[in-house]
Amino acid sequence: MIKAVALDIDGTITNENGVIPPEAWKAIKELEENGVRVILCSGNAACVLLGLRRYSGATGGIVAENGGVVVCNGEERVLSEDTEILREARSVLLKELRGIIVESLQNRYRRVDYAFKLVNESLSRQEVVKRMRKVLLRHGFENLEVLDSGVAFHVHVKGVSKAEGLRVVASCMGIGLNEVAAIGDSETDIPMFSIAGLNIAVGNAVNELKRVAHIVLEEEYYKGFLKAVQIILSCNKLELK
């Protein structure tokens with residue numbers, strides 16, 4: 001029985017333009033009305049997810065900053081340290097990759113995961129990740145990693161992951177990880193796929209995520225999410241019979 005859904009945001013419940021359509025909001029409500037609590041799991045800052053949870057009707061905890069910050073039962077926990085090193089790395093990246101990346105406006109609200117946007121469209125996202133990693137290594141930041149969510153490049157201390165955040169939130173909610181279904185699209189979702197009982201990749205997911213998913217959908221973006229909701233609720237109904 002699936003009791004909660006660990007739900008990525010960008011690229012999973014949005015359309016290709018980054019907008020959450022009305023159908024996705026309704027699907028979140030449908031999950032909740034059928035006893036499946038929604039845990040928002042994203043690279044976004046906690047304040048963004050708290051707003052989304054408030055207006056979507058989701059009742060689960062939140063996993064923000066790719067697992068670096070969690071909120072459950074009204075309490076916030078920061079699951080990483082070395083914030084001073086992260087701030088230093090941010091300055092180095094912005095200086096050495098000027099004209100290639102800019103920092104996300106959310107960084108002023110972030111605690112342990114800094115996000116950067118691509119501004120030089122002549123470079124592939126893979127090439128930018130390589131350059132960011134080279135800069136960090138050259139300056140001695142071996143304990144930091146760079147991940148691409150498809151929307152932003154995220155830099156945080158190694159060990160920060162949606163899996164660790166989800167463990168904390170699921171425990172707080174009194175739900176076993178085998179009772180959680182994870183839905184996502186990017187490499188930042190791979191860790192939570194490794195611990196959830198059911199993993200569903202939407203059609204636009206990266207190949208690395210599709211390889212570890214239990215179910216890979218043809219439908220992309222929010223339409224994939226809508227299909228995943230149907231699958232989860234159908235499975236729960238079968239188990240109740």
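I took exposed to mean over 50% relative accessible area, buried to mean under 20%, and partly exposed to be in between. I note at the outset that the model is predicted.

Entry 1. I looked up the number of salt bridges and found a count of twelve.

Entry 2. I looked up Arg138 and found a salt bridge with Glu96, with the closest N and O atoms 2.4 Å apart. Arg138 belongs to helix H4 (residues 125-138) and Glu96 to helix H3 (residues 83-96), so this pair ties together parts 42 residues apart in sequence. Arg138 counts as exposed because its relative accessibility is 54%, over the 50% cut-off. Glu96, at 35%, counts as partly exposed.

Entry 3. I turned to Asp148, which forms a salt bridge with Arg125; their closest N and O atoms are 2.8 Å apart. This pair links distant parts of the chain, since Asp148 lies in strand S8 (residues 144-148) and Arg125 in helix H4, 23 residues apart. Asp148 is buried at a relative accessible area of 15%, whereas Arg125 is partly exposed at 23%.

Entry 4. I then examined Lys162 and found that its side chain meets that of Asp189 in a salt bridge of 2.6 Å, N to O. Lys162 sits in helix H5 (residues 162-173) and Asp189 in the loop between strand S10 (180-184) and helix H6 (190-193), so the pair ties together parts 27 residues apart in sequence. Lys162 counts as buried at 1% relative accessibility, and Asp189 counts as buried at 0%.

Entry 5. Which residues are linked in a network with Lys162? I recorded Asp8 and Asp189, which are linked with Lys162 in a network of salt bridges.

Key. Residues are numbered from 1 along each chain as its sequence is written. This is a predicted model: local features need pLDDT of at least 70, side-chain atom pairs count only at pLDDT 80 or more; totals for chains, interfaces and linings use all residues. Side-chain values use heavy atoms; hydrogens and water are left out. A salt bridge is a side-chain nitrogen of Lys or Arg within 4 Å of a carboxyl oxygen of Asp or Glu. Helices (H or I, at least four residues) and strands (E, at least two) are DSSP runs, numbered from the N terminus. Buried means under 20% relative accessible area, exposed over 50%, partly exposed in between (1.4 Å probe, protein chains only).
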